[in-house]
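User: I have a structure to study and some questions about it. Can we go through them one by one?

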Amino acid sequence: MFYGTGELNELNHLEIGGCDTIELVKEYGTPLYVIDEDHVRESCRSYRNSLSNLHENSEVIYAGKAFLTMEMCKLIEEEGLGLDVVSGGELYTAIKSGFPAKRIYFHGNNKSYNELEMAVKYGVGRIIVDNFYELELLKDLAKKQQNKKIKIMLRLTPGIEAHTHDYIKTGQFDSKFGFGMENGHALMALESALSIKGLKLMGFHCHIGSQIFEEEPFKDTADTMLRFAKGARDKYGFETKEIDFGGGFGIKYIEKDKPLTIHNYISVLFKSVKESCQRYNLTIPKILIEPGRAIIGEAGTTLYTIGAIKNIPGIRKYVSVDGGMSDNIRPALYGAKYSAVIANKAGNPLEESVSIAGKCCESGDMLIWDIDLPKIAPGDILAVFSTGAYHYSMASNYNMLPKPAVVFVNNKMARLVVRRQTYEDLLRNEVFVPHSNSISLANF
Ligand code: LLP
């Protein structure tokens with residue numbers, strides 16, 4: 001039985017971080033995102049240690065888009081990782097939490113002038129330049145800096161095929177991200193970056209996709225990037241000080257998922273970097289990686305209360321929960337698959353095959369098709385696993401559903417990190433003139 005990062009306790013309940021999930025539900029309600037803090041810290045350390053044991057000149061950067069709150073920024077800071085942000089909002093969250101700006105990497109394919117200005121003002125460590133327009137914006141910003149150079153990297157698209165969902169592939173040539181290597185844009189960007197006085201080019205970045213299970217794409221990417229570094233040296237005398245290989249390391253959602261171990265992913269990448277550096281006669285640069293999903297994904301579990309159950313004899317039993325695509329868009333968007341248990345009957349034998357429906361008004365709002373579970377009744381608690389990454393961060397208020405609360409659990413303790421939205425919160429930004437007023441105004 002797969003219990004995510006949790007286990008079965010003596011009450012036949014699912015327990016995570018030493019906390020009985022049924023008690024968590026009594027305290028915080030549902031839907032509820034539960035994050036196993038120890039598991040997050042453990043993943044951070046495994047990535048850091050695996051990489052630094054092979055190559056000291058390295059850094060692990062957490063991709064905040066997977067899950068970002070101020071508390072998460074604090075944890076990432078404590079664990080010694082850098083932080084990848086992709087918008088003014090993410091940057092603001094990090095800065096508000098006290099995250100050191102120097103350890104922030106600013107990404108994005110359409111950063112605005114204001115966002116770039118904000119990043120420069122805060123003094124972020126690196127800006128990862130994605131396109132020629134951004135180079136122009138930075139050229140302008142750089143002129144306004146006195147004697148201080150803006151440190152940048154260039155995002156390249158290495159043309160690597162990552163075998164994952166089309167929507168989360170990013171390294172292929174036909175992509176909105178980065179400078180293409182195949183059409184010479186990457187070299188043009190390099191030339192241009194080197195010619196802008198106020199910019200200091202540190203190296204190159206790439207990210208080929210997400211939830212990747214194979215070794216090959218990482219190997220090929222390493223070689224392609226270093227071949228480019230060789231070209232940069234031979235043609236422009238440019239020495240690549242750092243290469244950021246992005247994230248994309250796969251995690252387990254369902255029993256049959258078999259991702260590589262953290263150590264495996266890192267050693268495959270490093271071995272390829274080392275061999276390519278020998279081949280091209282390059283000094284091994286600083287190596288950076290940017291895991292998001294792999295740090296937070298498996299550590300998250302979503303708890304739901306089961307409500308309506310609709311049985312269509314001989315066809316299907318629909319079991320509805322009190323959340324859905326508003327807290328987990330991934331099944332609808334990517335056809336993502338999940339595993340789950342009934343948290344209050346976690347050790348019971350599996351008795352029926354059902355499909356888990358969300359409560360949003362769309363037939364596509366199905367969280368899990370055809371899952372075997374114990375006999376279910378309204379009021380039972382469903383726990384869906386590996387929901388830490390791209391769930392809270394992609395949550396919406398579709399159908400005016402309030403966003404769930406987030407709790408961190410650790411060592412038998414739970415602490416609220418994000419409170420549940422209220423109906424008031426839903427209306428907070430609305431500018432509303434009551435109808436009766438408009439009528440009385442019209443009378444004048
Ligand atoms: N670095 C860059 C530049 C990225 O674009 C991404 C993810 C990452 C790092 C982190 O990738 P990870 O290690 O998490 O795979 N919403 C989708 C995933 C989109 C990923 C976008 N970029 C999902 O729910 O599967």
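Analyst: We start with a definition: a disulfide is a pair of cysteine sulfur atoms within 2.5 Å. Keep in mind that this is a predicted model.

User: How far is the sulfur of C277 from the closest cysteine sulfur?

Analyst: A disulfide needs two cysteine sulfur atoms within 2.5 Å. For C277, the closest cysteine sulfur is in C206, and that is too far for a bond. The distance is 13 Å.

User: How many disulfides does the structure hold?

Analyst: C206 is in no disulfide. The nearest cysteine sulfur to that of C206 belongs to C277, 13 Å away. For the structure, the number of disulfides is zero.

User: Is C206 buried or exposed? And what about C277, buried or exposed?

Analyst: Buried means under 20% relative accessible area. C206 has 0% relative accessibility, so C206 counts as buried. C277 has 2%, so C277 also counts as buried.

User: Where does the ligand lie relative to domain 1 and domain 2?

Analyst: Domain 1 covers 7–36 + 297–427, and domain 2 covers 37–296. Both give residues to the shell around the ligand. Therefore the ligand lies between domain 1 and domain 2.

User: How many residues surround the ligand, and which are the closest?

Analyst: By class, the shell has six nonpolar, seven polar and six charged residues. In total, 19 residues surround the ligand. The closest are S210, E290, R293, R330 and Y390.

User: What share of the ligand's exposed area does the protein bury?

Analyst: Start with the ligand taken alone: it exposes 580 Å². The buried share is 92%.

User: Which backbone oxygen does the side chain of S58 reach?

Analyst: S58 is in strand β5, residues 58–63. At 18% relative accessibility, S58 counts as buried. At 2.8 Å, its side chain reaches the backbone oxygen of H55.

User: And which backbone oxygen does the side chain of S339 reach?

Analyst: S339 sits in the loop between α11 (330–334) and β16 (340–342). Its relative accessible area is 13%, so S339 is buried. At 2.9 Å, the side chain of S339 reaches the backbone oxygen of Y253.

Note on methods
Residues are numbered from 1 along each chain as its sequence is written. This is a predicted model: local features need pLDDT of at least 70, side-chain atom pairs count only at pLDDT 80 or more; totals for chains, interfaces and linings use all residues. Side-chain values use heavy atoms; hydrogens and water are left out. A residue is near a molecule or strand if one of its heavy atoms lies within 4 Å of it. Accessible areas come from the Shrake-Rupley method with a 1.4 Å probe; for residues, only the protein chains shown count as cover. Ala, Val, Leu, Ile, Met, Phe, Trp, Tyr, Cys and Pro count as nonpolar, Asp, Glu, Lys and Arg as charged, and the others, Gly among them, as polar. Domain bounds come from an automatic or database domain assignment. Buried means under 20% relative accessible area, exposed over 50%, partly exposed in between (1.4 Å probe, protein chains only). Helices (H or I, at least four residues) and strands (E, at least two) are DSSP runs, numbered from the N terminus. A polar contact is a pair of N or O atoms within 3.5 Å; within protein, one must be able to donate a hydrogen and the other to accept it, and residues adjacent in sequence count only if both atoms are side-chain atoms.
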